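Please look over the sequence and the model below before reading on.

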Amino acid sequence: MSKEIKVTDLVEKVQEYYPSADLDLIRRAYDFSAEVHRGQKRLSGEPFLVHPMAVAGVIADLKLDVPSIVGGLLHDTVEDTLATLDEIKNLFGPEIAGLVDGVTKLSQVNFTSQEQKQAENFRKMIVAMAKDIRVILIKLADRTHNMRTLDHMPIDKQVATAQETLDIYAPLAHRLGIAWIKDELEDLALKYLHPEIYYQLKRNVAKKKAAREKYINEVIALIGKLLEKEGLEAEVSGRPKHFFSIYQKMETQNLVYDQIYDLVAFRILVDTPRECYETLGVIHSQWKPVPGRFKDYIALPKPNMYQSLHTTVIGPYGERIEIQIRTQEMHRVAEEGIAAHWKYKKDGKDFQFNDIQRFTWLRQLLEWQQNLQDPQEFLHTIKEDLFADEVYVFTPKGDMLNFPKGATVIDFAYRIHSEVGHHCSGARINGQLVPLRYMLRSGDTVEIITMHQQTPARDWLKLAKTPRAKSHIRNWLKKQQRERSVALGREILESDLNRYKLDYAGLRREGKIETVARELSMRDEEALLASIGYGKLTPRQVLVKLVPADQLDGANKPAEGTLERLFRMVSRQKRDLGVRVKGVGDVLVRFARCCHPLPGEEIVGFITRGRGVTVHTASCSAVMESDPHRRVEVSWQEGGQAPRAIKIDVSCIDRPGLLAAISAAITSAEVNIARAQVRTFPDQKALNTFEVMITDSKQLKRVLASIAKVKGVYKATRAKG
């Protein structure tokens with residue numbers, strides 16, 4: 001059971017940081033929420049009211065205004081009770097109604113897939129955030145409490161919610177600079193996504209707690225004396241890194257817990273930026289810094305306004321220790337992020353948010369929302385960008401621009417202008433010619449070289465890193481593909497019309513082509529031609545609207561389905577893969593090699609003229625790079641599926657007997673091994689790749705879970721490609 005917060009506790013908490021707050025409004029919102037949620041229970045058995053109260057408590061921890069607190073109390077009323085938005089508006093005003101509407105999910109809309117539902121909900125939240133940033137802060141508070149109480153959900157729901165939290169909400173908290181929410185969400189997501197790793201870390205950390213606390217106190221005292229000797233007043237603290245950051249280091253460096261040394265981070269708070277650099281000098285004169293581990297986020301703040309000096313040194317007893325140095329004000333921004341920019345006027349009657357325009361990432365987010373019409377591409381873009389580390393480069397005029405780590409010349413070109421990007425042929429970096437694939441490094445001065453005949457190629461999508469560049473490249477490629485399909489569609493239709501001595505240009509002038517397009521539920525003539533070119537529509541479907549029935553070839557012959565004519569197969573080619581294409585029977589279907597979809601996973605189909613329908617998982621990156629107009633609805637057929645070869649990567653310790661133990665774990669899950677490859681690395685590490693015969697996604701999850709339990713295995717994942 002979660003700790004219940006009472007309305008008196010909430011009121012007192014708000015009063016502490018906002019003495020002139022309208023407390024009566026909070027009490028009225030509490031009474032309304034209690035009334036409409038009366039009789040409702042959470043899965044834990046608690047009254048439902050516990051949840052909105054807890055959400056309001058998290059919002060108060062962020063020190064937000066009264067409308068935010070009230071929005072938290074009412075955030076589920078429209079979605080989960082008979083209360084309406086108009087009722088909220090009449091009782092609490094348009095400002096609070098707008099916040100509640102922004103957080104309310106699109107529960108009344110029917111979606112074709114879970115991915116589309118997630119994408120549209122997130123898009124709606126971003127649109128609401130454009131009007132009011134508080135929407136996203138209320139949503140983060142809501143997600144924080146839901147994650148704290150996830151134990152009572154079914155396991156599949158736990159995993160899905162934890163993954164969404166790790167993909168979207170924890171990175172959002174990071175981008176908004178709210179460190180404590182980010183850390184808590186990441187740790188809770190790890191608990192449900194990799195419980196065996198989470199509890200192993202918890203045991204390891206607890207085992208060494210006494211020794212670690214002794215070491216922390218010793219280092220704090222030592223740093224305090226060093227700074228005092230130099231006349232610097234400072235507040236020094238130390239804390240263990242949170243579980244998820246330890247897990248990330250184990251993942252990226254293929255380490256076991258005992259091989260990670262910098263498990264403790266120390267923080268030094270001083271009064272001025274100048275004292276930050278003086279403190280850094282004292283630390284580096286006492287302990288040797290680790291090369292490549294110094295970061296100056298004071299001179300070059302992160303996009304979320306975070307400022308601090310980071311260094312790693314070889315501290316007492318030869319232990320690596322990470323030290324962060326910042327001012328008290330920088331620390332407030334580091335912990336509270338965007339919430340640190342809420343300001344009260346002296347009369348206590350107004351509550352404003354300052355510096356929203358300084359958060360460049362928020363402006364980019366809103367720009368993508370407007371430009372990326374495909375909701376799944378928008379969600380994919382957000383997920384990609386949320387995790388990006390930064391590099392800082394300069395234009396020839398000396399303006400500084402930030403890019404995600406791994407960004408290339410192409411990303412820089414598209415940041416300048418879309419036309420510069422489309423015609424970029426290379427660049428001069430610090431005066432030296434470099435190709436498009438060159439990865440930007442902090443400190444580079446970049447000058448783009450353009451050629452009119454240069455245009456984007458599909459390979460550019462592999463080179464580009466930023467959502468802006470990828471979006472422009474995809475749109476250009478889709479436009480070219482659409483133009484080719486329109487031309488092909490017109491050629492096919494004109495050819496069929498000529499057989500009946502009908503003139504396409506004449507029919508167009510008379511408005512008949514436009515009329516047929518509308519009758520076939522097409523937006524306009526171009527959409528009609530493109531659909532014929534793609535193969536989604538047959539010329540016969542147009543001809544029946546223009547040619548008298550008794551004159552049509554094979555008048556009594558039933559019309560072929562949309563794709564049968566294009567992809568009719570001879571019997572020897574037919575192979576039942578257990579996938580149904582909506583509205584089509586006899587059609588060639590193949591699985592994409594990039595993602596190898598399995599029954600149980602969300603899937604989407606793409607028409608490829610002459611090659612039938614290719615089936616991808618809905619989350620596959622290739623889906624984002626394809627024209628939405630070529631998508632067709634596909635679904636798994638019920639009944640047993642033939643096993644398919646799927647590759648699994650297993651990172652582990654290189655020790656005798658472990659390969660046999662992993663193999664036994666696979667066979668214990670009733671799965672056959674078709675092939676195995678073993679690669680060993682220095683430091684007693686190994687990567688084993690198994691090709692196993694899998695029937696569906698549930699079986700794959702069981703195999704991965706079985707392997708993960710083997711002692712000495714770091715991680716087991718489905719191989720990409």
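In which sense, left-handed or right-handed, does helix 3 pass helix 4? The crossing of helix 3 with helix 4 is right-handed, a crossing being left-handed if the near helix is turned anticlockwise from the far one by less than a right angle, and right-handed if clockwise. This is a predicted model, in which local features need pLDDT of at least 70, side-chain atom pairs count only at pLDDT 80 or more, and totals for chains, interfaces and linings use all residues. Residues are numbered from 1 along each chain as its sequence is written, and side-chain values use heavy atoms, with hydrogens and water left out. Helices (H or I, at least four residues) and strands (E, at least two) are DSSP runs, numbered from the N terminus.

**Helix 3 and helix 4**
- The axes of helix 3 (residues 50-61) and helix 4 (residues 66-74) come within 7 Å and cross at roughly 155 degrees, where axes are lines fitted to C-alpha atoms, for helices over the stretch in contact, and angles run from 0 to 180 degrees between N-to-C directions.
- Helix 3 and helix 4 are therefore roughly antiparallel to each other, since angles under 35 degrees count as roughly parallel, over 145 as roughly antiparallel, 65 to 115 as roughly perpendicular and the rest as oblique.
- P52, M53, V55, A56, I59 and A60 of helix 3 make the contact with S68, I69, G72 and L73 of helix 4, contact meaning heavy atoms within 4.5 Å.
- The residues of this contact comprise eight nonpolar, two polar and no charged, with Ala, Val, Leu, Ile, Met, Phe, Trp, Tyr, Cys and Pro counted as nonpolar, Asp, Glu, Lys and Arg as charged, and the others, Gly among them, as polar.

**Helix 9 and helix 10**
- Helix 9 (residues 134-148) and helix 10 (residues 155-175) have axes that come within 11 Å and cross at roughly 140 degrees, and the two helices are therefore oblique to each other.
- Their crossing is left-handed.

**Helix 11 and helix 12**
- The axes of helix 11 (residues 179-193) and helix 12 (residues 195-207) come within 5 Å, crossing at roughly 120 degrees, and these helices are therefore oblique to each other.
- D187, L190, K191, Y192 and L193 in helix 11 meet P195, Y198, Y199 and L201 in helix 12, a contact with seven nonpolar, no polar and two charged residues.

**Strand 9 and strand 10**
- Strand 9 (residues 390-394) pairs with strand 10 (residues 400-404) in the antiparallel sense over five bridges, pairing being assigned if DSSP finds at least two bridges between two strands.
- V393 stands opposite L401 in strand 10.
- The hairpin of strand 9 and strand 10 has five residues between the strands, and in this hairpin G398 takes a positive phi near 95 degrees.
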